[in-house]
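Try each one before reading its solution.

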Amino acid sequence: MKKLLKMEKYQFLHNFVYWCGMIGIFALGFFTADTYVPEVMGPAGGKASSLADIFNGMVYDSTFLLIIISGLLALSFGQEFSGRTITLEVSAGYSRSKIFTGKIISYLIAFHIMALVYPVAGCIRTFGRFGMEDGGVFFYNVTKAIVYSLLLNSGIFLIAILICCYLQDVVRATSVTAIIIFALSLYLGYGMMLQLPVAFLPVYQIRVVVSRNTFFQPAAILAGVIWSGILILLSWIKFRKCDLK
C-alpha cells in the first residue's frame, strides 16, 4: 500500500491537468475575494467583518466549484482507465482492493486540497483588510470548515469516482460527472427557493455548517457518512468486476 500511495503522489506531482486546476482555482479565489466583503454568504449573510467570515463565506459559496473540481477529478481518474494505467498496476501484482483503496485515499486528499485552495486564496487577498484580530476564532472556524468539507465534499467527489468506474472512458466520465454535479447544484438552488427537501444533500449541509457556530452537527455528519459509505461500496462493487487485463 505504501508503494501505491507513493506512486499516486508522484502522479499528482507531475499531473499537468491537476496543477492547472490548482492554479486556476487559486487565481479565482484571489481575484473574487473582495466580492464576498459586502455579502459574505449571499444577500442574507450580511457584511464580512473578519477573516473568518471570508473563509466561511467562500466555503459556503463553493458549490459551483465542485462542478469544476469533480470534472477535473473525473478527467484525471478517467485517464487512468483510458490510458490503462490501472491495468499496469494489476499486472504488477497489486490486489484490486489495495489499488482501489490507494485511489480513493489519494484522489480524495488531492482534490480536497484543491477545494480548500479557493478560500485560502481569498483569505490571502483580504488579510490586509481584516488582519488577524482574534486568531482563536479564526482557527476554530477554519478547523470546523475543513473537517466538514472533508466529510461532505467526499460525497460529491465519490460521484465522479463511481462514474469513472462504470464508464471507464475519460470523455464520457468527465461529461456525465459535470452534468450530474450541475444538476445537483441546480436542485439545491431551486430547492431552497421552493422549499423542497434539500437537507440530504452534502452541498446543503456544508452551507449549514459554516452558517452556525456549533462544531458538532449530527445532520451534516450523517449526510456525509451515508453518501460516502454508499458511493464507496458501489464504486468497489463495480471496480472489482472491471476488465483490467
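**Exercise 1.** Is Cys20 buried, partly exposed or exposed?

Before we start: this is a predicted model, in which local features need pLDDT of at least 70 and side-chain atom pairs count only at pLDDT 80 or more, while totals for chains, interfaces and linings use all residues. Residues are numbered from 1 along each chain as its sequence is written, and side-chain values use heavy atoms, leaving out hydrogens and water.

*Solution.* Begin with the cut-offs: buried means under 20% relative accessible area, exposed over 50%, and partly exposed in between (1.4 Å probe, protein chains only). Cys20 has a relative accessible area of 39%, so Cys20 is partly exposed. Cys123, at 8%, counts as buried.

**Exercise 2.** How many disulfides does a search of the whole structure find?

*Solution.* A disulfide here is a pair of cysteine sulfur atoms within 2.5 Å. Take Cys20: the closest cysteine sulfur, in Cys164, is 19 Å from its own, which is too far for a bond. The search of the whole structure finds zero disulfides.

**Exercise 3.** Find which residues of helix α9 are buried, and what they pack against.

*Solution.* Helices are DSSP runs (H or I, at least four residues), numbered from the N terminus. Helix α9 spans residues 202-211, and eight of its ten residues are buried. They are Pro202, Val203, Gln205, Ile206, Arg207, Val208, Val209 and Val210. Next, look for contacts (heavy atoms within 4.5 Å). The buried residues of α9 pack against α3 (51-60), α4 (63-82), α7 (135-167), α8 and α10 (218-239).

Methods:
Helices (H or I, at least four residues) and strands (E, at least two) are DSSP runs, numbered from the N terminus.
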